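The entries below keep to what I could read from the model.

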Amino acid sequence: MDKTLELNNKRVLLIDDQKPFQVMLKGSLLNLGAKEVQVKSTGEAGIAAYVKNPHDILLVDYNLGSGKNGRQVLEELQVRGLMKPHTLFFIITGDNSRPMVLSALELQPDDYLMKPFSHRVLRSRLTRAYKRRMWLKDVFQALTSHNYEDCIKACEKHIATNSRYSNYCRKLQIELYNKTGQLHEAEKAIKELLEDNSHSWVFLKLAETRLLQNSPEEALNIINHILKRMPHAIEAQDLKTECYLQQQQLEEALNSARDAITMAPFSIDRQTRLAHIARDNGDFDLAKQAMNNVLQIARKSVFRNAEHLCNYLRSILDAAENSDTPQQISKYQTEATMELQRARYDEHLLHADISFEDLESILLSRIDSFNGRLREAQHRLNEVVGDDLANNREIDRNLLPDVIAVLLDVGEYEKANMLAGQQAEKVKLDSYTLKILKSRMAAAQKQQDEFFTIHRQGAEAYQAGIYQQALNDFRQSMELAPLNSGAALNFIQAAVRYTEENPKATNTNSLKKECEQCFKVLEGLQLSDSHTQRYEQLLEETEELGLR
């Protein structure tokens, strides 16, 4: 098991965009006896080559020009489940900046080589990584398959024999105990280690376990000691942020999250966490910046999709809607429309899973509704999803939160609540979008409750034949929700019955104006079949009674 690595039966894939380095490293590998060395200049081409015929060793430069970088190559192979258990993955770079190094190491490549390196160093590092990979073959097989229980058992076997990699297995085993909720087992393993082991990673795992056991204060004390000794321990910094969040210390959590981003900024999860915490602290501009960072990180990664663009646009509008001055509002709204125009021509941002035209219309509808241009907002919304709303069809999940926001703004509360209910049952939204949506629903709740109370009183008065009272109630409900189609229909119907019952009433002209206003609300809307029949009937009845 401890034999020296033999390359004469190994296939190597080198991904680097610099021709001189390609030639030099390929020569070194062939001199070391490699069976075959395939060279690719882009991350995309490298992934395709690996998928077609998986290699034994991948040597990937971090900076690969305009395409995917080395970190994103490793990330995609891992996320898509393409990485074979026997494959060694090395990241190579000439950039030793700490944020880049930490971000790359977070994905746990087999090793990390700084340029320039010698022929001897290359062979030594490959041999070391190969030995570990072969010795722990059963561990990596189970880990790659996400079979955590088998992986825990494999680790136990290596720990019991006190193999040279037993510490690695102990650490992995504790991580998997925590991941699978076996906190008692994790604590037991940690206590055994603490008897004769003072490695920082043991204390780090203890802090992680304590946090999962809902003991954030104890976890925080441990983490602070670790960070004093190892100020750039990114895992400890992330745990520190989570400790503050569990203690509801939002300002401290924000400062900790900022520190974590400074250490290792190229993580979607870390940037999203910062956006959450910033928003909870009322720093909507920082939240927007974090969501922009998520978009930029995702552009060339395996996580590339329209959701990140939509989230960034929402974060901009969220900042606008929580701004103090008209100038700030205008600045953010302009930023949103400009970002949308950039997206139109950026192949990395938008894909076939969403219509750009629909996204643009919904975005402009949100801006219109927030600025009080409710009819324009309603018109744009109706063009995109009017037919879907009328026929209770599902709305594109990428547009759904914004459609609900516009419906709340124009006062179509029944439709907004119906879509929110569908979302809760069927549509899984990302955590940040869900947070914004819940905030919008909560902000509209008071006015919505008042609307439904008064509107219900109007319906009850109408059923009781008290049409004057019904008119007053529906009139008040429309003051709260001027473009509510149900209230508009109900007002017209109450006006018809009131006029039929009081043919010589002196307020017919004012009722006529109000009915005409209600018909304008309904004009061009795509109504359900039952509402369409009602609408057409009311058109005839109001004409007969001189109400339009």
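What follows are my entries on a helix pair, a residue and the domains.

I note that this is a predicted model, in which local features need pLDDT of at least 70, side-chain atom pairs count only at pLDDT 80 or more, and totals for chains, interfaces and linings use all residues. Residues are numbered from 1 along each chain as its sequence is written, and side-chain values use heavy atoms, with hydrogens and water left out.

Helix pair. I looked up H22 (residues 431-463) and H23 (residues 467-480), whose axes come within 8 Å and cross at roughly 160°; helices here are DSSP runs (H or I, at least four residues), numbered from the N terminus, and axes are lines fitted to C-alpha atoms over the stretch in contact, with angles from 0 to 180 degrees between N-to-C directions. H22 and H23 are therefore roughly antiparallel to each other, a term for angles over 145 degrees. Among the residues that meet, with contact meaning heavy atoms within 4.5 Å, I listed Phe451, Ile454 and His455 in H22 and Ala470, Phe474 and Ser477 in H23.

Residue. I then turned to alanine 487, which lies in helix H24 (residues 485-501) and counts as buried because its relative accessibility is 0%, the cut-off being under 20% relative accessible area with a 1.4 Å probe, protein chains only. Leaving aside neighbours within four places in sequence, alanine 487 is in contact with Phe451, His455, Ser477 and Met478.

Domains. The domain assignment, automatic or from a database, gives domain 1 (11-135) and domain 2 (458-545), and their centres, taken over C-alpha atoms, are 71 Å apart.

Key:
Helices (H or I, at least four residues) and strands (E, at least two) are DSSP runs, numbered from the N terminus. Angles under 35 degrees count as roughly parallel, over 145 as roughly antiparallel, 65 to 115 as roughly perpendicular and the rest as oblique. Buried means under 20% relative accessible area, exposed over 50%, partly exposed in between (1.4 Å probe, protein chains only).
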